[in-house]
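Dear colleague,

Please find below the structure that I am handing over to you.

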Amino acid sequence: MISNIVSYLEQINKYYSVWQEFNYVYEDWAKAHGVSVNSLLVLSAIHEGMEDCTQKKISLRWRIPKQTVNAVLKDYERKGFVELLPMPEDERNKLIHFTAKGKEYADAIISKLRKVELFVSEEMGTRRMEQLNENMTMFVTFFSEAGGKNEEISESKMDGAKAGCSKAAF
């Protein structure tokens, strides 16, 4: 039992390392192309052609605070990349559209990003990409379910996890 918990904890720690590295490669890529990762995500959201693209939708899509999205959009607006147009039904909310200059800028950066992502996907193959997505989805689902039901996780599992913590490398 404890050996299983130690094994799980080792795998969780490995997952944390890979997850961090995943984030770092995108941050490094963005930096090498003159943008922050948040600016890249906002650019990507607008470029994807989100219907009725708004700050709130970008924030929800990428889990970026609305204040951060706002700061990125203000910078893009200052550079002449986007227009923020009042929504007809609620003028407090703004629709976000690229200007011609912004579309050209986004096309250049996003196409470079997609080339790298497609290269990686081709190297991994369709089946591994499917497995990656399936496994990540499963992890998120189980984590979400467990996070809302901590009381339902049996005490014996929790005690075992605590005992295994002292043996796992953190």
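The protein has seven helices and two strands, where helices (H or I, at least four residues) and strands (E, at least two) are DSSP runs numbered from the N terminus. Read from the N terminus, the elements follow the order α-α-α-α-β-β-α-α-α.

Please note that this is a predicted model, in which local features need pLDDT of at least 70 and side-chain atom pairs count only at pLDDT 80 or more, while totals for chains, interfaces and linings use all residues. Residues are numbered from 1 along each chain as its sequence is written, and side-chain values use heavy atoms, with hydrogens and water left out.

Confidence

The average pLDDT (the predictor's confidence in each residue, from 0 to 100) is 87, and 85% of the residues score at least 70. Helix α5 has the highest confidence, at a mean of 97, and helix α7 (residues 155-165) the lowest, at 46. The pLDDT is below 50 over residues 156-170, a stretch that has 16 contacts in the model beyond near neighbours in sequence; a contact means heavy atoms within 4.5 Å.

Of the 170 residues in the protein, 25% are buried. Buried means under 20% relative accessible area, exposed over 50%, and partly exposed in between (1.4 Å probe, protein chains only). The largest nonpolar core has 25 residues, and those with the most contacts inside it are L40, V42, I46, I58, Y76, V82 and I96. At least two residues of this core come from each of α1 (2-32), α2 (37-47), α4 (66-78), β1 (82-87), β2 (90-98) and α5 (100-124). The largest share, six residues, is supplied by α2. A nonpolar core is here a set of buried Ala, Val, Leu, Ile, Met, Phe, Trp, Tyr and Cys residues joined through side-chain atoms within 4.5 Å.

Helix α2 is mostly covered, with eight of its eleven residues buried. These are S39, L40, L41, V42, L43, S44, A45 and I46. They pack against α1, α3, α4, β1, β2 and α5. After α2 comes G49, whose phi is positive, near 75 degrees.

S59 is placed in helix α3 (residues 55-62) and counts as buried, at 12% relative accessibility. A polar atom of the S59 side chain lies 2.5 Å from the backbone oxygen of I64. Leaving aside residues up to four places away in sequence, S59 touches I64, P65, K66 and V69.

R63 lies in the loop between α3 and α4. Its relative accessibility is 71%, so R63 counts as exposed. The phi of R63 is near 60 degrees, a positive value in a residue other than glycine. By contrast, most residues other than glycine have a negative phi.

Salt bridges

The structure holds nine salt bridges, each being a side-chain nitrogen of Lys or Arg within 4 Å of a carboxyl oxygen of Asp or Glu. R127 forms one with E130, the closest N and O atoms being 3.1 Å apart. Because R127 and E130 are three residues apart in helix α6 (residues 126-147), about one helical turn separates them. R127 also forms a salt bridge with E134, at 3.9 Å between the closest N and O atoms. Salt bridges that share partners also join D75, R78 and K79 into one network. Within this group, D75 and K79 form a salt bridge whose closest N and O atoms are 3.2 Å apart.

Yours sincerely

Key
Polar contact = N/O pair within 3.5 Å; in protein donor to acceptor, adjacent residues only side chain to side chain.
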